[in-house]
Amino acid sequence: MTRSLFKGNFWSADILSTIGYDNIIQHLNNGRKNCKEFEDFLKERAAIEERYGKDLLNLSRKKPCGQSEINTLKRALEVFKQQVDNVAQCHIQLAQSLREEARKMEEFREKQKLQRKKAKKNYEQKCRDKDEAEQAVSRSANLVNPKQQEKLFVKLATSKTAVEDSDKAYMLHISTLDKVREEWQSEHIKACEAFEAQECERINFFRNALWLHVNQLSQQCVTSDEMYEQVRKSLEMCSIQRDIEYFVNQRKTGQIPPAPIMYENFYSSQKNAVPAGKATGPNLARRGPLPIPKSSPDDPDYSLVDDYSLLYQ
């Protein structure tokens with residue numbers, strides 16, 4: 001299969017036409033814009049990754065769930081904080097890599113820009129040389145055409161030398177024009193080859209840059225998942241029973257509960273203290289016992305004790 005090359009497909013039958021060259025330049029300009037847009041994308045993505053990494057880093061350095069004293073769960077929290085910190089660092093490193101790729105893309109664009117300017121300058125100079133040669137031929141042709149030469153031969157035999165000189169000048173301009181045309185064609189081929197090489201280089205560079213970018217994103221996901229897997233493994237080692245036992249052993253205060261509270265009658269001697277659980281009246285441990293009446297109750301309803309009365313039960 002024959003390759004479609006720039007130098008064989010951007011000609012025009014009109015020697016004054018530049019449509020092929022214009023189409024190539026327009027295509028290269030579109031490619032340059034694509035490179036610039038991708039470069040801007042890399043810079044913006046780098047800024048996003050850096051912000052995310054720094055925010056995640058700030059969060060990982062705080063205390064999630066407070067300061068825990070539980071053994072295995074505490075270790076799991078420490079692993080979680082460490083791995084989140086590692087993920088944050090990976091995002092920051094990815095941001096630096098994206099900025100480096102953006103810088104390379106910018107350098108590539110500038111290099112192609114200089115190459116394109118050089119090729120364009122040479123090409124346009126040859127076009128100007130061609131135009132000047134055509135104008136010289138036109139002026140010469142208008143000055144001395146075959147009819148004028150014939151009249152000069154008939155009427156002015158003495159002007160034969162001048163006519164011959166004019167004819168030689170005309171032929172010289174024609175020869176010069178054809179030489180310039182050949183040079184222009186050669187320069188056009190060189191420009192097409194240079195532009196095609198630039199296009200191949202741009203496609204290859206752009207393709208590799210995109211490939212590298214998605215690989216970086218994939219690697220970021222793989223790396224993050226590996227770090228999160230460490231957290232999952234630490235959580236698998238978390239034991240509820242062990243953490244309970246660890247807390248009990250570290251913070252226990254004793255195994256003996258308070259003793260039962262004994263009922264004590266203020267007016268009773270220590271030997272008549274009512275055993276616990278056998279008191280039938282209200283708990284009056286802090287009121288003291290009731291006073292003992294001095295006389296037997298003769299009244300069916302009341303009995304007098306000193307200066308106050310008691311309800312007889």
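Helix H2 gives 4 residues to the lining of the second largest cavity, the largest share from any element. The model is a predicted one, and the cavity in question holds about 30 Å³ of space. Its lining is made up of Gly-31, Arg-32, Cys-35, Phe-108, Arg-109, Gln-112, Arg-116 and Arg-202. Two elements give two or more residues to this lining, H1 and helix H2, the latter spanning 71-143. By class, the lining of the second largest cavity has 4 charged residues, along with 2 nonpolar and 2 polar ones. Arginine accounts for the charged class, because Asp, Glu, Lys and Arg are the residues that count as charged and the list includes Arg-32, Arg-109, Arg-116 and Arg-202.

The count of cavities of 30 Å³ or more comes to 2. The largest cavity holds about 60 Å³ of space. Its lining consists of 12 residues. Those that lie nearest the centre of the largest cavity are Phe-10, Trp-11, Ser-12, Ser-17 and Trp-184. The elements that give two or more residues to this lining are helix H1, covering 19-60, and helix H4, covering 160-236. H1 provides the largest share here, with 3 residues.

The classes of the residues around the largest cavity can be set out in the same way. Its lining has 6 nonpolar residues, 5 polar residues and 1 charged residue.

Conventions
Residues are numbered from 1 along each chain as its sequence is written. This is a predicted model: local features need pLDDT of at least 70, side-chain atom pairs count only at pLDDT 80 or more; totals for chains, interfaces and linings use all residues. Side-chain values use heavy atoms; hydrogens and water are left out. On a 1 Å grid over the protein atoms alone, a cavity is a set of points where a 1.4 Å probe fits but cannot get out, and a pocket is an open set with protein on both sides within 12 Å along at least five of seven lines; lining residues have an atom within 4 Å of a point. Grid points are joined across faces, edges and corners, and a volume is the space filled by probe spheres set on the points.
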